[in-house]
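User: I am new to this structure and would like to learn how to read it. Can we go through it feature by feature?

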Amino acid sequence: MSQIKAVRGTRDLLPPETELWNHIEATARRVFARYAFGEIRTPIFEDTQLFARGVGEETDIVSKEMYTWEDRARAQSEKAQMLTLRPENTAGVVRAYIEYKLGDAGLLQKLYYIGPQFRRERPQKGRYRQFFQIGAEVIGPPSAGSESPLRDAEVLEMLATLLEELGITGWTLEMNSVGSAMDRPRYVQALREALVDVAPTLCIDCQRRAVTNPLRVLDCKVREDQEKIDALPKIADFLDEGSRAHFAQVCAALDACGVLYTINPRLVRGLDYYTRTTFEFTHSGLGAQNALLGGGRYDGLSEAIGGPKAPGIGFAMGADRLVLTLQALPSQAANDPGLADAYIAPLGEAQQAESLVLARELRRAGLRVELGDGSFRLKKSFEMGNKLARAIVLFGEDEARSGIVTVKNFQTGEQTKVPRNELSSVLRRD
RNA sequence: GCGGCUAUAGUUCAGUGGCAGAACGCCGGUCUGUGGCACCGGAUGUCGUGGGUUCGACCCCCACUAGCCGCCCCA
């Protein structure tokens, strides 16, 4: 019989790596809490229409990367429903915002999420079909200040802080403004016109992109094309006064708190809902998938899926990529499984039962304890203890009778006799 | 979805159309209440899966699967 394996693009996370995942998630929760964000957990699958209307029918994500299936109708009279595993989480959050009328309180909603997302792409380093995102959204009625450039700057400053607390250095923040829903079509039109003459001189990929998705030409990495692409119309010149001023204020607030960024007029993103501020944090250690996180403002998303006017800004970080980045950092000790505080070695099977009692006492005192086996020879107990713990506690006939156990510290080699009731304080890490 | 590279022991990797290898790790012993060191010994295995060529395939050919790199796109 053939072996059943994890399906393509999915994987199991095992210790000690899960230690690092927990560390990342705990750090994110801690930082988000300081910025007064609350957690939201949305379903893993949604009505397909949510993504079609929210993310955009023409995007790659929706047009070819979604896991979609037809759910059975419950009754003859009922139509079957198309469902989709969420390819991203912003649409789900906005759907919940609308569904529970979160805007009616008149306040800004600040929500974060941590969870799996699904896209059917070819797996690669840092890219999986089930991947994990940590993201947050600030959304609310305009009267609550949801359109304010200060919100954009606050989110970006929070991200810089989060990366710093995670110990991730060497990232780059690139920003751009893609303008309002009105600005962008005008720009795309101008770009298309300019490309009629320029495109034939560009690389093969650009010639195709010029027709299918002109904005993508700006992403081209072919060296020879760069000068010509730089000479194309820039979106900055197509922004209306409002968008221009908005972006200037975002930059000013970032300058004030010392968050470094570069403005990349060629930064375009693949989801239709973005307006005005867009950004990407990249890291060179990631290879082709160099985006650590990305996000932006989505002032029209709520209305696009049938909700009230509810401008917002948010981001999603690729947790898988944070892990990769941290693992590549030289200082990272998080892959060390860590040693237990003590290894209890029952000497002889007669000591088995009482050794579990001893382990229970120490564990209740908060110590991390490994319990050996009384059938082991002493030599084996020492070898095992040395691999698993900082100290070994010998628990034989004498110790059980006298209540005084033998403790040997593997680091110092020092061996002492310790009364059982003092054991936990002796073993405690200093 | 497209192109390239790869798949051999728990791990990292050698290897040859004719007996399946090394290092580390693992197990046992020297050593029956004292580990790390040393020495001696041992087992590593569907050579990714399925077909084909051949007297004979881990090796050559085809398909599939998975991973990596790039494209596309994105987190």
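This is a predicted model: local features need pLDDT of at least 70, side-chain atom pairs count only at pLDDT 80 or more; totals for chains, interfaces and linings use all residues.

User: How many of the residues of helix 11 are buried?

Analyst: The count is 7 of its 10 residues, so helix 11 is mostly covered, where buried means under 20% relative accessible area.

User: Now helix pairs. How do I describe two packed helices?

Analyst: Two packed helices are described by the angle between their axes and the distance between the axes. Take helix 1 and helix 5. Their axes are 10 Å apart, and the packing angle is about 145°. The crossing of helix 1 with helix 5 is right-handed.

User: Which residues make that contact?

Analyst: Helix 1 brings I24, T27, A28, R30, V31, F32 and R34. Helix 5 brings M158, T161, L162, E165 and L166. By type, the residues of this contact are 7 nonpolar, 2 polar and 3 charged.

User: At what angle do helix 5 and helix 9 cross?

Analyst: Helix 5 (residues 149–166) and helix 9 (residues 241–257) cross at roughly 40°, and their axes come within 8 Å. Helix 5 and helix 9 are therefore oblique to each other. Their crossing is right-handed. On the helix 5 side, the contact uses P149, D152, A153, L156 and E157. On the helix 9 side, H246, Q249, V250, A253, L254 and C257 take part. The contact of helix 5 with helix 9 has 7 nonpolar, 2 polar and 2 charged residues.

User: Next, salt bridges. How many are there?

Analyst: The idea is a side-chain nitrogen of Lys or Arg within 4 Å of a carboxyl oxygen of Asp or Glu. The count comes to 21 salt bridges. One of them joins the side chains of E46 and R95, at 2.6 Å from N to O. E46 sits in strand 2 (residues 45–47) and R95 in helix 4 (residues 90–99). The pair links distant parts of the chain, 49 residues apart.

User: Are E46 and R95 buried or exposed?

Analyst: E46 is buried, and R95 is buried too.

User: What does the salt bridge between R390 and D341 tie together?

Analyst: First the distance: the side chains of R390 and D341 meet at 3.0 Å, N to O. R390 lies in the loop between helix 13 (378–388) and strand 14 (391–395). D341 lies in the loop between helix 11 (319–328) and strand 12 (342–346). The pair therefore ties together parts that are 49 residues apart in sequence. R390 and D341 are both buried.

User: Where is R127, and what does R127 touch?

Analyst: R127 is in the loop between strand 5 (109–118) and strand 6. At 18% relative accessibility, R127 counts as buried. Leaving out residues up to four places away in sequence, R127 touches E121, R122, Q289 and R321.

User: Last topic: the backbone. What should I look for?

Analyst: Most residues other than glycine have a negative phi, and most peptide bonds are trans. Now the cases here. The peptide bond from P15 to P16 is cis, with omega near 5°. P16 belongs to the segment before helix 1. K101, a residue other than glycine, has a positive phi near 50°. R276 is not a glycine, yet its phi is positive, about 50°.

User: Where do K101 and R276 lie?

Analyst: K101 is in the loop between helix 4 and strand 5, and R276 is in strand 9. K101 is exposed, with a relative accessible area of 55%. R276 counts as buried, at 17% relative accessibility.

Notes: Residues are numbered from 1 along each chain as its sequence is written. Chains are lettered from A and ligands numbered from 1 in the order in which they are written. Side-chain values use heavy atoms; hydrogens and water are left out. Helices (H or I, at least four residues) and strands (E, at least two) are DSSP runs, numbered from the N terminus. Buried means under 20% relative accessible area, exposed over 50%, partly exposed in between (1.4 Å probe, protein chains only). Axes are lines fitted to C-alpha atoms, for helices over the stretch in contact, and angles run from 0 to 180 degrees between N-to-C directions. Angles under 35 degrees count as roughly parallel, over 145 as roughly antiparallel, 65 to 115 as roughly perpendicular and the rest as oblique. A crossing is left-handed if the near helix is turned anticlockwise from the far one by less than a right angle, and right-handed if clockwise. Contact means heavy atoms within 4.5 Å. Ala, Val, Leu, Ile, Met, Phe, Trp, Tyr, Cys and Pro count as nonpolar, Asp, Glu, Lys and Arg as charged, and the others, Gly among them, as polar.
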